Amino acid sequence: MFFEAGTRRAFRSSELLGKTGLLVGVICNHCPYVMHIAPTLSKVLNALQELGFSGVLVSANDPIAYPQDSPERMQEWASQFSISVPYAFDEDQSLVKRLFSTCTPEFTLFSAERKAIYRGRFDESNHKNGIQSTGCDLLQAAKDYAEGKNPENLFLPSAGCSIKWKPGNEPEY
């Protein structure tokens, strides 16, 4: 179950699933890697929706240690960047653990049958390398799958900020 930040509106993954699949993006408000892709993220989410993928963005950072990642601030962030999908807060950090997520941003594409078909980076750009963000790696995997092909790259490691785990909640992976 997903709870949208700010509104606390509940969603089940089955309700979010598009005809082609679902994107789950693990992000947060303050990460410079996320801020680098933020201006492009809305366009990529719209392109994914045209391919039949729905989406949800998730933040799991500890809002006590990182108040800029609180649910209230998440809603502001989503509005600032015209995000058209739910931005959910993973309060107990269980979803990001089930995804084996380690950093933000990190994306997982699921098929309509709920099988992971891509995991990893948005693209090769980041705030340090001067490459403009396009979302090309994520988009290519989605396009390949929507055309009936297996994505060429099933996993492209993402670079970013570590997830800010609540004390004692750090995963063993």
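In this predicted model, helix α2 lies across strands β3, β4 and β7, whereas α5 lies across β3, β4, β7, β8 and β9; contact here means heavy atoms within 4.5 Å. The table gives the angles, which run from 0 to 180 degrees between N-to-C directions of axes fitted to C-alpha atoms, for helices over the stretch in contact.

| Helix | Strand used for the angle | Angle |
|---|---|---|
| α2 | β4 | about 150° |
| α5 | β7 | about 5° |

Helices (H or I, at least four residues) and strands (E, at least two) are DSSP runs, numbered from the N terminus. Residues are numbered from 1 along each chain as its sequence is written. Local features need pLDDT of at least 70, side-chain atom pairs count only at pLDDT 80 or more, while totals for chains, interfaces and linings use all residues, and side-chain values use heavy atoms, without hydrogens and water.

The open sheet has 6 strands in the order β5-β4-β3-β7-β8-β9, with mixed pairing, where two strands pair if DSSP finds at least two bridges between them. Because β5 and β9 stand at the edges with a single partner strand each, one side of each has no neighbour in the sheet. Strand β3 (residues 21–26) pairs with β7 in the antiparallel sense over 6 bridges, and glycine 25 stands opposite phenylalanine 107 in β7.

A nonpolar core is a set of buried (under 20% relative accessible area, 1.4 Å probe, protein chains only) Ala, Val, Leu, Ile, Met, Phe, Trp, Tyr and Cys residues joined through side-chain atoms within 4.5 Å. The largest one has 34 residues, of which Leu57, Trp77, Ile83, Phe107, Leu109 and Leu138 touch the most other members. Helix α2 gives the most to this core, with 8 residues.

Terms used: Buried means under 20% relative accessible area, exposed over 50%, partly exposed in between (1.4 Å probe, protein chains only).
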